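Thank you all for coming. Could we have the model up on the screen, please?

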Amino acid sequence: MSVELFAGISVNDYESALTWYGRLLGFPPTLIPNDREAVWELAEHRYVYIELRPGHAGHAMHTLFVDDLDTRVASISERGLEPMNRETYANGVRKVTYRDPDGNEIGFGGTPV
């Protein structure tokens, strides 16, 4: 079965979110379909997008599981963003969570060290 994922994030201020997500992800949007949306391709057939939807923002919760958690978090810090939370679960899996200006939560998970 072929699956493509588009994970949407509602935002109140498109320009601010465009800048913030560019810093978080480390690259500009892959696609800007209109003046209300921006799309980043994270991996083949896996996308995250922001959409200007005033009044709906602040409720997204997405986690991306990555192979290079420590390197990724260090790179994000170099771009001026710091996580709001760091967790290690009983099985050793780690999660680092960021919160955008609207309160949407974007986490990065990684295997035990």
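This is a predicted model: local features need pLDDT of at least 70, side-chain atom pairs count only at pLDDT 80 or more; totals for chains, interfaces and linings use all residues.

Residues are numbered from 1 along each chain as its sequence is written, and side-chain values use heavy atoms, with hydrogens and water left out.

Let me begin with helix H2, residues 69-78, where Leu69, Val73 and Ile76 are buried, buried being under 20% relative accessible area and exposed over 50%, with a 1.4 Å probe and protein chains only. Helices here are DSSP runs of H or I with at least four residues, and strands are runs of E with at least two, numbered from the N terminus. Why do these residues lie on the same side of H2? They cover an arc of only 60° around the axis, which puts them there, the arc being that of the directions from the helix axis to the C-beta atoms. On the other side of H2, Thr71 and Glu78 are exposed. The cover over the buried residues includes helix H1 (14-25) and strands E6 (85-88), E7 (94-99) and E8 (105-110), where contact means heavy atoms within 4.5 Å.

Now the sheet. Four strands form an open sheet in the order E5-E8-E7-E6, with mixed pairing; two strands pair if DSSP finds at least two bridges between them. Strand E5 (61-65) and E6 stand at the edges, each with a single partner strand, so one side of each is left without a neighbour in the sheet. E5 and E8 run parallel and are joined by five bridges, and Thr63 has Gly107 in E8 as its bridge partner. H2 packs on the sheet, touching E6, E7 and E8.

E6 and E7, by contrast, pair in the antiparallel sense over four bridges, with Glu87 opposite Lys95 in E7. Their hairpin has five residues between the strands, and Gly92 there takes a positive phi near 90°.

Finally, the pocket. Which element gives the most to the lining of the largest pocket? That is E5, with four residues. The residues closest to the pocket's centre include Thr63, Leu64 and Phe65, where a pocket is an open set of points on a 1 Å grid over the protein atoms alone, where a 1.4 Å probe fits, with protein on both sides within 12 Å along at least five of seven lines, and lining residues have an atom within 4 Å of a point.

Methods:
Axes are lines fitted to C-alpha atoms, for helices over the stretch in contact, and angles run from 0 to 180 degrees between N-to-C directions.
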